[in-house]
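Please look over the sequence and the model together before reading the report that follows.

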Amino acid sequence: MSSYFDDPMVLRQIIMDHYEYPRNHELKKQEGYAEVHMASESCIDDLFIEAKIKDGIIEDTGFEGTACTIATSSTSIMSELIKGKTTKEALEIINNYLAMVDEREYDEDMLEELIAFKTVSKQANRIKCATIGIKGFVQLIEESEKNHE
Amino acid sequence: MFDVSEVRKDFPMLQNKMMQNHPLVYLDNGATTFKPQSVIDAVTGYYTTTSCNIHRGDYDLSFQISSEYENARKSVAQFLNAEAKEIVFTSGATASLNQIAYGYGLKHLQKGDVILTTEAEHASSILPWFKVVEQTGAVIEYIELTEKGELSVENVRKALHEKVKVVVFAAVSNVLGFKNPVKEITRLAHELGAVVVCDGAQWVPHVKTDVKDLDVDFMVFSAHKCCGPTGIGVLYGKYDLLEDMEPVVYGGGANARFDACGNILLKHAPAKFEAGTPAIEAALGLKAAVEYLQKLDMDNIEAYEADLKRYAIEKLKELDHLMIYNAEASTGIIAFNVKDVFAQDAASYLNSQGIAVRAGNHCAKILVQHLKTSETIRASFYFYNTKEDVDRFVEACKNITVENCVGLFF
């Protein structure tokens, strides 16, 4: 898989595709769904993140709002990747992703299309764009675990 | 008219500064401005040669710096055509506006009184009044803007009525850069006995200010937006209004006498608003800044920036993928978007080309609802920007596409 994901053209296409056609781009606002508002303090990204988490499984994800290419596409990809996973699996993916964005050690094999953001730290001020939606999912997972205890 | 290439020599930040491997083109002057050497020298000079506190020091150095601090007040007064006693030093325009809202508004407004403002105000201008409304039961009403987002005398006339006690507005809108008819609005407000609070943050640095001629009751600005240091700003108020306003901050230097029973005898304005040790070095820097601006002449500065704006608009208009929201505004602010590109992505692309602009709603969140766009890019000029800066900016704008914005990361 590495050669495919090493091609900048491919990575760029992934981001463009998820920006222009974001997945899970709606809020269900139904019973069983929890929602969190992620408004950046330092830029204009403004996202609502939603998840339906039952018995430790992320059954559904969604998001809406106003945000840049990086925030929109990273949230879209993550919403696909963690859907159907246990919260523990999801957190593992997310932690690897955050490690990659922070230029720490990470497991490439877990991240699939999220690899597209491996050089996002080249524009330091955009790291927050690449993490704002993802941190929303973390909050929802942590909340569900708290409620479960 | 000044020679811009000579002017640029005065600014260390304009000497060979690079960003993303390109020579820096700084177009975020609405946020803050660069400092000429004379301002930097005034600030560092304080720490290297004086470094003592003002007021009541019984030794030469303290006496000397107290005089210099008061001389800074006189220079600012002269710059605005005010009296020195009408100039209060604050930490910036935001602190000035809060002082007016809490110190004057809270004291004088009652239930049912109206604060009249516009949807184009900066958060610092309007949020303190939201709090005043909560505490007094006064209400805020908005003057309708024209389709272009301008504040017209006609609409002010329609919005004014006898319950309006305070009129708050920016002399120049920080998003759209229209020069508002301050003098006419003030005259209309005064006919009904309302007090006029004018946010001069984007006016004072760019347009000659004569508070006596404008007749505004309060005018505020920040030093750092007009070549001065950060951490200091000005609250101008007509003296009887300053005397009729309560301080927000109490403490040493503002009181003449106090006793253990809680009786406080405050000093007169402006001292009663300046409790605590002020930013002394910043006051000296501000003095150097206004002297620098006066040397260039404010009318020259305004004319130069208007010319630069016209030149930029002419070139930008040729780019079909740009939407410009304020082509007609005469001050050096350009609010625009690139079709199908999120403002922050476009600003990041410009950064990659060494060009500093700002994406966002520029704090004027209510105006954004009026413009029907949730975000804009703002390029803002100052007198040290050049046509070459504009050319670099226009060339970079030609290449702003979603592909190129995403391409920055690879």
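## Basis of the values

This is a predicted model, in which local features need pLDDT of at least 70 and side-chain atom pairs count only at pLDDT 80 or more, while totals for chains, interfaces and linings use all residues. Residues are numbered from 1 along each chain as its sequence is written, chains are lettered from A and ligands numbered from 1 in the order in which they are written, and side-chain values use heavy atoms, with hydrogens and water left out.

## Chain A

Chain A holds five helices and three strands, both being DSSP runs numbered from the N terminus (helices H or I, at least four residues; strands E, at least two). Read from the N terminus, its elements follow the order α-α-β-β-β-α-α-α. The radius of gyration of chain A is 15 Å, close to the 15 Å that the globule rule gives for 149 residues, so chain A is as compact as a globular protein of that length; the radius is taken over C-alpha atoms, and the rule is 2.2 Å times the number of residues to the power 0.38. Along the principal axes, the C-alpha atoms of chain A fill a box of roughly 40 × 30 × 25 Å.

Of the 149 residues in chain A, 50% are buried, a term that means under 20% relative accessible area, with exposed meaning over 50% and partly exposed in between (1.4 Å probe, protein chains only). Chain A exposes about 7300 Å², of which carbon and sulfur atoms supply 45%. Its 16 positive and 30 negative charges have mean positions 2 Å apart; here Lys and Arg count as positive and Asp and Glu as negative, whereas His and the chain ends are not counted, and each charge is placed at NZ of Lys, CZ of Arg, CG of Asp or CD of Glu.

## Chain B as a whole

Chain B has 15 helices and 17 strands, and its C-alpha trace spans about 70 × 55 × 40 Å along the principal axes. A compact globule with 410 residues would have a radius of gyration near 22 Å, and the 22 Å of chain B agrees with this. Buried residues account for 57% of the 410 residues of chain B. Among contacts (heavy atoms within 4.5 Å) in chain B between residues at least 6 apart in sequence, 71% join residues at least 24 apart.

The domain assignment, which is automatic or comes from a database, divides chain B into domain 1 (4-30 + 297-407) and domain 2 (40-295). The centres of these two domains of chain B, taken over C-alpha atoms, are separated by 28 Å, and 31 residues of domain 1 are in contact with 34 residues of domain 2.

## Two buried residues of chain B

B:Val132 belongs to helix H5 (residues 123-136) of chain B and is buried, with a relative accessible area of 0%. Apart from neighbours within four places in sequence, the residues in contact with B:Val132 include B:Ala101, B:Tyr102 and B:Leu109.

B:Asp389 lies in helix H14 (residues 387-398) of chain B and is likewise buried, at a relative accessible area of 8%. With neighbours within four places in sequence left aside, B:Asp389 is in contact with B:Arg8, B:Val25 and B:Tyr384.

Note on methods: Accessible areas come from the Shrake-Rupley method with a 1.4 Å probe; for residues, only the protein chains shown count as cover.
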